[in-house]
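Student: I have not seen this structure before. Could we go through it with a few questions?

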Amino acid sequence: MMRGRLIRRLFGSAMTGATYGAAVLAILPLAVILGMLLVKGAGSLDWNFFTKSAVPVGEAGGGFAHAIMGTLIIVGLACAVGVPIGVAIGIFLAEFGGGRLGFAVRFIADVLNGVPSIVIGIFAWTWLVKPMGHFSALAGGIALGMILVPILARTTEEMVRLVPNSLREAALALGYQRWRTSLQVVVRTASAGIVTGCLVAVARVAGETAPLLFTALGNQFFSTRIQGPMAALPLQVYLYALGPYDEWHRQAWAGALVLIMLVLALSLVARAVVRAKRQHA
Amino acid sequence: MTDIPVTVLEPAVAPRPTAQERWRGLRTVSRGDVVYRTVLTALALLLPLLVVLIAIELVSNAMPAVSKFGFGFLVHSTWDPVRGEFGALPLIFGTLYSSLVALIIAVPLALGCAVFLTEFAPRWLRTPVATLIELLAAVPSVIYGLWGIFVLIPLLRDHFWPVARPVLRGLPIFSGAFYGPSVLAAGVILAVMVLPYITAVSREVLLAVPPSQREAGLALGATRWETVTTVILPYGRAGIIGAVILGLGRALGETMAVTMVIGNRHEVSASLLQPGYTIAAAIANEFSEAVSDMHLSALFMIGAVLFIITIAANTLARVLVWRVARGSAVGSTAI
């Protein structure tokens, strides 16, 4: 601290400016990616894109209808599996999670959150695809559901914890049993938050590709049969991006644009609601 | 005098319950409560069960490769599915190398962002900027990959490298010809992808630093920047290291984007300009086209290695973060 005061202050200002720069640099990729998606993808979004499935190379037209449908079905399956379990675990953590078991489950949820999705993918393959003998959208949905559970458990826990204790005490004082207090007062109060937590989690798994590679596999044809291979938006984007044809690349950009609009819409809506909720609580 | 039977009347009022009995009465739970708690507990036990199941499946499927190649699997670099020879060194090296490059780029930026968001940014700017950075984590991996192939790689090859070449060509990490798909491209993409995680967690760590620490630093005459470097960052050091390790865990397991830009070549090369390969990328590319049971088993073995590394990294990171920001669900809101 022997440096002159002016130098110290100038250095401080320079470094403060540098943190502004870091923030700008961090946001830049988001702007660039969104910009590129709009520039390269928007031109290919037409009626065919949403209504037609893939066509053989060389033929004009063709679209992503099968992939969009596939993503909706697979994500729907993931929700059917993951949402009830994830939310229930979240309620457990908030209501009974004070003890050693709660600590352990919370910890495992966090650790499971960091397990690479490709590992979940090969696990789903050995556990579901291999015994069933064929690739299926069902296995893909369950794989995504497994990713959903730990995320949802943690967000639900936080939302339930935000409910003021006085509400719980009031219900108990009125003679409500604990389980009714928990479900009909506490969880119900937190329900908006829980729903938004679900939206954020769904937004995350909707963009997952790796767990679907060996489960849903992908499909060039329109299919709604959950016991068979099915296309999904991320899988289709992956396939077309690596393909050699310009037409495929063009459609990959358009597919990516649809995917990111879906994901960003879900997470932005969710974030807005959570923020409003927090300010009330 | 005959004896008149005397009936002793029960006292009309029950004896006052002792404090202990009243307490017990309050503690009795209805059957509904027991069912509720049991069901939730049973569901909660599914999570540990899932981790155990994953571990068992990975290890049991990896057993043939483990017994055939043993420890040598991790240090040999031949990967020849046709001849049935498997060594995972290039995969492990590539995974660690690309993640290291990512961290070298992302950590200073992420710390800068976290400091900006907690110390320097005007209050009205904090939430929007934090949200935008968090949105980076919401972008699907495959979109980063697409962007990497068609934007980042051409940018690095046609604009960055011609300018940087005269300066950097002497360094061994920049040797050889640069065609595009490379460890460098993967590192840059990974840096963008882990940045939001490191930023979000270190921001929460910095927020948990008590204001009195800040005030003490300022009161001793430090500038705000000096307070950051001498008081706030050291106070949150363990948590920040945790945030970085959390980011590392993400980078190690990232699959799609890396697969699309790293070039997928089984070779150990120190040069950032050369193609490489990672564990996750190899699984993604080869798993559904495995030519033999041994090939599949080898893929399971590297999968198990990846699983163990990421579990260890995450455990360490959580412990470190919890030491600073105890109780808050660090990171989970942001992610």
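Student: At what angle do helix α6 and helix α7 of chain B pack?
Tutor: This is a predicted model, in which local features need pLDDT of at least 70, side-chain atom pairs count only at pLDDT 80 or more, and totals for chains, interfaces and linings use all residues. Residues are numbered from 1 along each chain as its sequence is written, with chains lettered from A and ligands numbered from 1 in written order. Helices are DSSP runs of H or I, at least four residues, numbered from the N terminus; axes are lines fitted to C-alpha atoms over the stretch in contact, with angles from 0 to 180 degrees between N-to-C directions. For α6 (residues 141–168) and α7 (residues 183–207) of chain B, the axes are 10 Å apart and the angle is about 125°.

Student: Why is α6(B) called oblique to α7(B)?
Tutor: Under 35 degrees counts as roughly parallel, over 145 as roughly antiparallel, 65 to 115 as roughly perpendicular, and the rest as oblique. The helices pack at about 125°, which makes α6(B) to α7(B) oblique.

Student: How many nonpolar residues does the contact of α6(B) with α7(B) have?
Tutor: Contact means C-beta atoms, placed from the backbone, within 7 Å. Among the residues that meet are Leu152(B) in α6(B) and Val188(B) in α7(B). Ala, Val, Leu, Ile, Met, Phe, Trp, Tyr, Cys and Pro count as nonpolar, Asp, Glu, Lys and Arg as charged, and the others, Gly among them, as polar. The contact has no charged residues, 1 polar and, as nonpolar, 10.

Student: How many residues does chain B give to the contact with chain A, and how many of them are nonpolar?
Tutor: Chain A and chain B each give 73 residues. The chain B side has 7 charged, 20 polar and, as nonpolar, 46.

Methods: Contact = placed C-beta atoms within 7 Å. Helix = DSSP H or I, 4+ residues; strand = E, 2+ residues; numbered from the N terminus.
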